[in-house]
Amino acid sequence: MVKVPVQFTLNGSEKAELIDSGATLLHALRDKIGDTSPKGGCHQGTCGACSVIIDGELRLSCLTLAETCNGAVIRTTAGLAEGGVLHPLQRAFLDAFATQCGFCTPGMIMAAKVLLDRTPNPSREEVVEALSGNICRCTGYEPIIQAVLTAARANSQNVA
Amino acid sequence: MELRKSYFADQRKDGLHEIGQGRPRLDSPGHVTGKTAYFADRNFPGMLHLKMVRSPHHHARIRSIDISEAEKHPGVMKILTARDVPHNVYTILILIQIGPEDETVLADGKVRWKGEAVVAVLAETERAAQEAAAKVKVDYEVLPAVFDMEEALKPGAPLVNEYHGQNHYLYDSGECRKVRFGDVEAGFAEADHILEQTYQSSPIEHAPTETTGCVVAPEGNDRFTCYTNTQAMFFTLDNASIILQMPGSKLHFVGGTVGGGFGGKVDVIVEPIAILGAKFTGRPVCFIYSREEEMQISSPRAAEKVVIKDGVMKDGRIVARKVTGYTDAGAYSRHSPYGAQKGAAHYPGPYTIPNVWIDTYCVYTNRTPSSAMRGFGVTIGDFALEVQMDKLARLIGMDPLEFRFINAYRDGDMKAHRQPTEGAALIECMQEASRAANWPVAEKYMAMSSYRKGG
């Protein structure tokens, strides 16, 4: 198996790993680096549980080759709380009872973060659209949508 | 949420500290920070991957299994067949005296459904395990199969499961679970109208986001820790103990974190064979279903068929109900004999009917074994019963909600299985539903109560 060196910034820390050529970013993050916050639900790009943010874009880490991430800035849910303080999205998910089994939660939060970074005050429709690539099988969509809208309101109040 | 405290005010204590209060979920902080540890988040150095060779046939005799080529595949550490499993034939509910043992951990001599586990391959990588599994040669003699419950119950149908000897579960009450209450034929004779309808359902897959699996770590001294997403920890621990013929003190199970289950993770399928692999190799073992396996191999909700015959009076009283229910267990029992039994208790519905006759069958076919899923045994029954209630109401020209008020069981009523009704509150639920749905009913129904002293 050909090994390739890959360097990227993960949640603010420099990472350098030798990765099997053809390995996914999901595998690199979970099995090499030990960030297990992205989850492997389908490994075929349909469930969204492995969603991460690469250079500001929402990406499925199960369909992203690790070797294509050289020099990238990657963010996962594990790095979202700063200094032990929950991100407004995390706080909103916690308060709004928007987690059940929790397996889809890290991917949902990443998708929601990309939305709020671009659209600080989204409509309900925009939230639904932004989360449409993330499957929740405990049928928790309504509390999740409410949590994202609540986090958006909290953000706009902070800015004001 | 608004609590309607006017109901049963004299029967309730209101000085409670927990009930009616919002409480944060204890596991939520881990979920939102990505720190919750699911079984697959455990990674051990030197961990092996387990892949199953599965039956491509619905029903076949196994003439021979040749693992010689697969064993030579680079990275393969161990290949397990039926003869490696200490107690290979088991059934989950044997722990509560529901037998016979009827399912093989790894197929022995025969496969009874398409997807059945035949050979387990343990290798250094998932890919090596997959490639080696493809090199296992199994010689099958394909047998006639049966997929339809009524076909399976006919004389001369292919015998699905020899451990039962016939294609239905044998209850202590005979070939089916029975409920007999009153005189159902006298009830039909008295009825103004009779309506018989048949309802059918297909199997339903739970499709949890986290697929089924476990990670096993050998701890030395022949002890093993099994990180699992089982929904039935003690069924799994005790059945693993039986299958592996190991005392429970050798097995440490870590669970409680399940990435979606809906009942689909109560079967004991992945843990015993993964522990066996760890025992043979001395290495940690990961056995996790691919998404494809989860959808095709994991047990679905059973397909059901329900035949309901009701006798009803013009004034709305149901006077007789006869139900025959069929639960498709697939090739093995798992939780289906219990599901069919629950149906027998449930088919009178939440209604007081003086004459009831119920038979429910747990039927074996060459389909994927079905098992637990959210109210299995009663959910499809409820669908059928409530559609039937609407049809009965239409038949006699009555409002369907008012029709339910007439037949709703109330405290003190005797149910068909001879448990007196207590704490029903059904009338009150329907009164609230009537308001919430803006579906008004006559004032006399809004004045009813489930609670009636002395009837």
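B:Ser333 counts as buried because its relative accessibility is 3%, under the 20% cut-off. Keep in mind that this is a predicted model.

**Exercise 1.** Describe where B:Ser333 sits and what its side chain meets.

*Solution.* Next, look for a polar partner. The side chain of B:Ser333 makes a polar contact with that of B:Tyr364, at 2.6 Å. Finally, list the neighbours, leaving out residues up to four places away in sequence: B:Ser333 touches B:Thr91, B:Asp102, B:His164, B:Tyr169, B:Tyr364 and B:Ser370.

**Exercise 2.** Get an overview of chain B: its elements, its box and its buried share.

*Solution.* Count the elements and you get 13 helices and 17 strands in chain B. Then draw a box along the principal axes; the C-alpha atoms of chain B fill roughly 80 × 60 × 35 Å. Now for burial: of the 455 residues in chain B, 54% are buried. Last, check the contacts with a separation of 6 or more: 78% of them in chain B join residues 24 or more positions apart.

**Exercise 3.** Find the aromatic pairs, and work out whether B:Tyr326 and B:Tyr361 are stacked or edge-to-face.

*Solution.* Searching the whole structure gives 9 aromatic pairs over all chains. In one of them, B:Tyr326 and B:Tyr361 have their ring centres 5.4 Å apart and their planes at 15°. Planes under 30 degrees apart count as stacked, so this pair is stacked.

Now try B:Phe405 and B:Tyr445: the centres are 5.5 Å apart and the planes make 35°, a tilted pair. Here the link runs between helices, from B:Phe405 in α11 (residues 400–407) to B:Tyr445 in α13 (residues 443–446) of chain B, 40 residues apart. B:Phe405 and B:Tyr445 are buried too.

**Exercise 4.** Say which residues of helix α12 (residues 426–436) of chain B are buried and what they pack against.

*Solution.* First, pick out the buried ones: B:Leu426, B:Ile427, B:Glu428, B:Met430, B:Gln431 and B:Ser434. Next, look across from the helix: the buried residues of α12(B) pack against α11 and α13 of chain B. Then step just past the end of α12(B), where B:Asn438 takes a positive phi of about 50°.

**Exercise 5.** Work out how chain B meets chain A.

*Solution.* Begin with who touches whom: 26 residues of chain B are in contact with 29 residues of chain A. Together the chains bury about 2,100 Å², 54% of it on carbon and sulfur atoms. On the chain B side, B:Arg25, B:Val32 and B:Thr209 supply 29% of the buried area, more than any other three residues.

Next come the polar links. There are 2 salt bridges across the interface, including one between B:Asp41 and A:Arg30, with the closest N and O atoms 2.7 Å apart. Chain B and chain A also have 15 residue pairs in polar contact. Helix α1 (residues 28–33) gives the most to chain B's side, with 5 residues. By type, that side divides into 7 nonpolar, 11 polar and 8 charged residues.

How values were computed
Residues are numbered from 1 along each chain as its sequence is written. Chains are lettered from A and ligands numbered from 1 in the order in which they are written. This is a predicted model: local features need pLDDT of at least 70, side-chain atom pairs count only at pLDDT 80 or more; totals for chains, interfaces and linings use all residues. Side-chain values use heavy atoms; hydrogens and water are left out. Contact means heavy atoms within 4.5 Å. Buried area is the accessible area (1.4 Å probe) that two parts lose on being put together, summed over both. A salt bridge is a side-chain nitrogen of Lys or Arg within 4 Å of a carboxyl oxygen of Asp or Glu. A polar contact is a pair of N or O atoms within 3.5 Å; within protein, one must be able to donate a hydrogen and the other to accept it, and residues adjacent in sequence count only if both atoms are side-chain atoms. Helices (H or I, at least four residues) and strands (E, at least two) are DSSP runs, numbered from the N terminus. Ala, Val, Leu, Ile, Met, Phe, Trp, Tyr, Cys and Pro count as nonpolar, Asp, Glu, Lys and Arg as charged, and the others, Gly among them, as polar. Rings of Phe, Tyr and Trp (its six-membered ring) pair if their centres lie within 6.5 Å; planes under 30 degrees apart count as stacked, over 60 as edge-to-face and the rest as tilted. Buried means under 20% relative accessible area, exposed over 50%, partly exposed in between (1.4 Å probe, protein chains only).
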